[in-house]
Amino acid sequence: TRVHGLGFTEKDIADYGFYSCDSTTWNMVSRFGKIYKFTNGRIIVATPKGKRINKSKYIEGEVHNIREWIKYQNYLRQF
């Protein structure tokens, strides 16, 4: 049986034995105004706690977030 990890975005995904997985965490800008940053092998929330980015910056924010998640994905491929 092939199991899909819906909404699963963990570094140690291979340990769970999923056939495939996906997540929409990268688009949290339009949902919650959150910006992510890949740093030191981790993804962190870069917006200050309790703050949101301005709605006029959502598209830029989502482009930024997807780039950061791609960096994270490329980093994970090393392992």
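Because the model is predicted, local features need pLDDT of at least 70 and side-chain atom pairs count only at pLDDT 80 or more, while totals for chains, interfaces and linings use all residues. Residues are numbered from 1 along each chain as its sequence is written, and side-chain values use heavy atoms, with hydrogens and water left out.

Strand E3 runs antiparallel to strand E4 (residues 42–45), and 4 bridges join them; two strands pair if DSSP finds at least two bridges between them.

Helix H2 covers residues 58–76. The buried residues of H2 are Tyr 58, Gly 61, Glu 62, Asn 65, Glu 68, Trp 69 and Tyr 72, where buried means under 20% relative accessible area, exposed over 50%, and partly exposed in between (1.4 Å probe, protein chains only). Seen down the axis of H2, these buried residues fall within an arc of 125 degrees, so they line one face of the helix; the arc is that of the directions from the helix axis to the C-beta atoms. They pack against helix H1 (28–32), E3 and E4, contact meaning heavy atoms within 4.5 Å. The face turned away from the buried side carries the exposed residues Ile 59, Glu 60 and Arg 67.

The structure holds 1 salt bridge, a term for a side-chain nitrogen of Lys or Arg within 4 Å of a carboxyl oxygen of Asp or Glu. Lys 71 forms this bridge with Glu 68, their closest N and O atoms being 2.9 Å apart, and both residues lie in H2, 3 residues apart, about one turn of the helix.

The table lists the accessibility of these two residues and of Thr 47, which is found in the loop between E4 and H2.

| Residue | Relative accessible area | Class |
|---|---|---|
| Lys 71 | 40% | partly exposed |
| Glu 68 | 4% | buried |
| Thr 47 | 13% | buried |
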